[in-house]
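Hello,

Here is the structure we talked about handing over. Please have a look at it first; my notes follow below.

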Amino acid sequence: MTRYTDVAPRDLEPRCREAVAAGARMQFVYAWYPDGSRALDDTQPMEQTPTAELRYIVHAAGEHAPQIWRCRPGAQPVPSLAPIAPLLSWHEREVTDLCGLKFKDQPQPGPKVLLPGAKAARPPLLPGPPAPLTYVREPYILPEIAGAAPDVQLLPFGPVRAGVVESAHFSFYYIGEAILHYHPQLFFKHRGMEKRFEGLPPPLGAVLAERVSGVGSVAHSLAYCQALEAAAQCEVPPRAAWLRVLLAELERLYNHLHYLGHLCHTTTLKVGDAEGHYLEELAKQINCRATGSRFLRSLICPGGLRREPGLEGLAEPLARLRAEFDGYAAMLESSTTHLDRLITTGVLGKQLAFDQGATGPVERASGIDRDPRRDQPYGAYRELPPRVAVRDGCDARARQQVRIEEIEHSIELIGRVLEGLPDGASRAECRPAPGSEGLGWAESPRGSVYYAVHLDARGRLARVKVKSPSFSNWRVFAHTVHGTNMMDYAINEASFGLTIAGCDR
Amino acid sequence: MANKSVPLWTLYGLKQGKATVPWPAGERASQQGFLGMPRFDPGKCAEGCRECVDACLPGAITLQSGGEARLSVDYGRCIVCQLCVEACPTGAFAASSDWAFGARHREDLVWSRAVASADGTALAGEIRRVFGRSLHIRHVDAGSCNGCESELQALGNPLYNLHRLGIFFTPSPRFADLLLVTGPVTYALREPLEAAYAAMPEPRFVMAVGTCAVSGGSNGGGYSCANGLEGLLPVDLYLPGCPPNPAAIIHALLMLVGRMPQRVRGGRIAEGSERA
Ligand code: SF4
Ligand code: SF4
C-alpha cells in the first residue's frame, strides 16, 4: 500500500537528504488543487484562488510500495530539492509553469514545459476553463560561449526536421566534429494533456491516456487504470490481470523491434534496418488480429478489460516471429561494422544514470538492476515475475543488448500467459469514491510511467498527473552528448529510444 | 581482421526474400482484424437515448434537432475508440473494419442519408497533370501522440515499400508537392507549420493525416492547441483515423494523385466501392 506522510516545507530538505543518502529514488513531484474542484461548480463562486499542494513520489530502496509526501506550501517558501536530487529539477519547473508555484533557489530557473515567450493568463492547471496561451517566439535560452572563439559554430536544427520524425529543436555548439555543448529544446508538442482529463468521467480517461504517447498506449492506460483501481480499492479479476500482461508485453515487442530497425538505420546497416522494421510490422499485425488495433488500444479500462483479445492463432505467428528474431539478433550481435559504431557511443555511467533519473532499458544498460514489474510488482506480474535484463556496458551497445534480451523475455512471458491464463470474468466494477485519489505505475518499453489521479466531489477527474519515461530520459540524454562528436549523435539518440510526445504531453 | 559482416548481411537479406505485398489486395489482408470507424444505422437508434453521445470523448456524436437522423455523426472527429459500440443498447453503432476514410471534402466525413455526388475528380485530374506519377511529401508533426508517425514510418518497411509507388518523403518543403500534417497543431508548432507551407512551390497540396490533424479529435483545443488544420490551412485531403493504418494512408495518397477512387461518402464506405 502506498504510504502518505505530511511534510512541512522546512522539513523537505532534511527528509530528502536522508532518503537519498539511504538509496531512495525521488521519482517526481507534482502539484494539484485540493479545493479546486469546487471552482468547477459554477453555482459556488470561489472566494479566492485555490492553493496548490505538492506531492513527492519517493521509492525507498528495497521497498515495494512508494511513499507519497504531501506538502502544503502555505506562507513558507518551498525549497527546491534539485540540489539534492537533480532529477527533480525539470519536474519543479513544470510545476512552476503549469501551477504557478515557485521553488526557492531552483538551480535552473526559467520555463521548461512552456516555451520561452509563451504566457498563461492563469496557471493552466488551475481548475476551470483554460485560457489559451499567448505566444511570441523568443530565443531559446542557450549558454554563452566563453571568449570570442571564432571556431565555435552553432548548428540549430528543427523544430521540423528531416524525414518522418517528431518535432523538437536541437542546438549544437561544435568545433569541427566535436560537440562542445548540446541543448535540446523540447516541449513544442506540449498539448496540455493533463488538463484534458479534468472533469471527465473516469472511464473516458483511459481513452485519453492511450493518446498521450501513442506507442505507449498500453503502459499509459494501464498506469492510469491502476491509479483508479487503487483509488477505488478495486480488485481486477485474475484473467484480466493476466491479459494485461500479455498486452503490455506485446507493446514491448513491437517497440523494441522498431528500436532495433531504427538503430541499424543510424549505423547504415541497410538489411538490419529493413529487417527490424519488417519484424515490427509483423508484430503490429499480430496486435491487430488479436485486438483490432495495431497499437493495442481500446481494451484496457478501469476494473479490467472492455473485451477479450482474440487469443486463438496468436501462438503460431509469435513462434515464427521468435524464430526469425533469433536469426536477426544473432546477426546484430555479430555485425562488426554495426557494433563498432555502438561500442563506447553515448556513454552513461551508473551514478549519472541514477542521479538524473534514467529509466527503463537505458537505466538497465547502465548497470542498474531495477524493473518495477519485479520490484514494485503490479497486476499479474506478481505471479509472473519477469527476468530482468541488465548490462553494465553503459553505451549504445549495452542498450541494444538489453532490448534484444527483453524481446526474448517478452515472448517467454506471453507464452506463460497463454499457458496459464485463468478463467473467469475480465472486468470488475471500479467506482472510485468522490474525493479519493490513487497512484498507478507501469513499466513501458521506455521505462516507468506513473499516473496520479484525484477525483472531485462528483466522482469525476479533478487532476491527473502523467510522469512519462521519455521526460526522464530526455533529461539524461543531453549529458551523454556534450563532448562527443557529431558523427555519433544520431546513433546515440536512436540508442536511447526516446519519444517526444510522451515527454512533451 | 577482415570484416565479414557485410556479405553475410546481404546473404541474410536475400534469404528473407521479397516481402512487399501486392497492392491493393495484400494491403487489405495485412490489416486483418482492424477495427475502424463504427457504422451508424439511424433505423436502430432509440428515441430519448443518449448513451453514445455521453460515451464519445471527442464529441463526434451530437444530438440533433430536425436533422436527417436524431444524431449527427462526424467521422472527422472519431478516434475509433469503440465506446459508442459498447454503449449503444440497440446496435445502432456497430463495429466495422472500415478504414479507407480518405476524403476530399470535409462534409464527406459526416454521416448523411443522401450521398453527395461531388467527388473532386477535377482536382485529381489536375494533380495527375501536375505530378505525373511521382509525389514528394513534406511531413510536419504539429503535436501528434506519435501514433500517426509510427504508421507513416511503417510505409517505408518492406511490406508497404512506398517508393515502389513513386511516393517519397523529402526533407525540404521547397521540393515538396504535398504537406502532410499530423497532430492537433500546438501553439508552438503553428508558426513552423505555416513556414513550411509558405516555403512550398505552387501548386501545393495539404493532407491532414489522423483525426488530430483533421479536427483536433481528443487532443485539440484547450490551452495549447488548435483544432487540427481547421481554419489554419486549406486542406485537399482529409484522412481521419487514430491512427489511420498504413493501407489507409497509401489509399489516401493514391487518391490524391488520382490513382484510386474515394471510398467514403456521407460518412460511410459507399456500397460496392470495397473492390474499387
Ligand atoms: S468510436 Fe468514434 S464515434 Fe464512437 S465513441 Fe469513439 S470517437 Fe466517438
Ligand atoms: S490521430 Fe490519434 S494516433 Fe494520430 S496523433 Fe492524434 S491521437 Fe495520435
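**Around ligand 2**

Of the 13 residues around ligand 2, the nearest are B:C145, B:C148, B:T211, B:C212 and B:C242. A residue is near a molecule or strand if one of its heavy atoms lies within 4 Å of it. Two elements give two or more residues each to this shell: helix 6 (147–154) and helix 8 (211–215) of chain B. Helices (H or I, at least four residues) and strands (E, at least two) are DSSP runs, numbered from the N terminus. Ligand 2 itself lies between chains A and B. Its shell holds five nonpolar, six polar and two charged residues. Here Ala, Val, Leu, Ile, Met, Phe, Trp, Tyr, Cys and Pro count as nonpolar, Asp, Glu, Lys and Arg as charged, and the others, Gly among them, as polar.

A word on the basis. This is a predicted model, where local features need pLDDT of at least 70 and side-chain atom pairs pLDDT 80 or more, while totals for chains, interfaces and linings use all residues. Residues are numbered from 1 along each chain as its sequence is written, chains are lettered from A and ligands numbered from 1 in the order in which they are written, and side-chain values use heavy atoms, without hydrogens and water.

**The sheet in chain B**

Chain B has an open sheet of five strands, in the order 6-5-7-8-9, with parallel pairing. Two strands pair if DSSP finds at least two bridges between them. Strand 6 (167–169) and strand 9 (237–239) of chain B are the edges, each pairing on one side only. Strand 5 (residues 135–141) of chain B is joined to strand 6 of chain B by three bridges. There, B:L135 stands opposite B:I167.

Helix 9 (residues 246–256) of chain B lies across strands 5, 6, 7, 8 and 9 of chain B. It runs at about 170 degrees to strand 9 of chain B. Axes are lines fitted to C-alpha atoms, for helices over the stretch in contact, and angles run from 0 to 180 degrees between N-to-C directions.

**Where the chains meet**

In chain B, 65 residues are in contact (heavy atoms within 4.5 Å) with 72 residues of chain A. The two chains bury about 5400 Å² between them, 61% of it on carbon and sulfur atoms. Buried area is the accessible area (1.4 Å probe) that two parts lose on being put together, summed over both. Five salt bridges cross this interface. The rule asks for a side-chain nitrogen of Lys or Arg within 4 Å of a carboxyl oxygen of Asp or Glu. A:K189 forms a salt bridge with B:D141, with the closest N and O atoms 2.7 Å apart.

Best wishes
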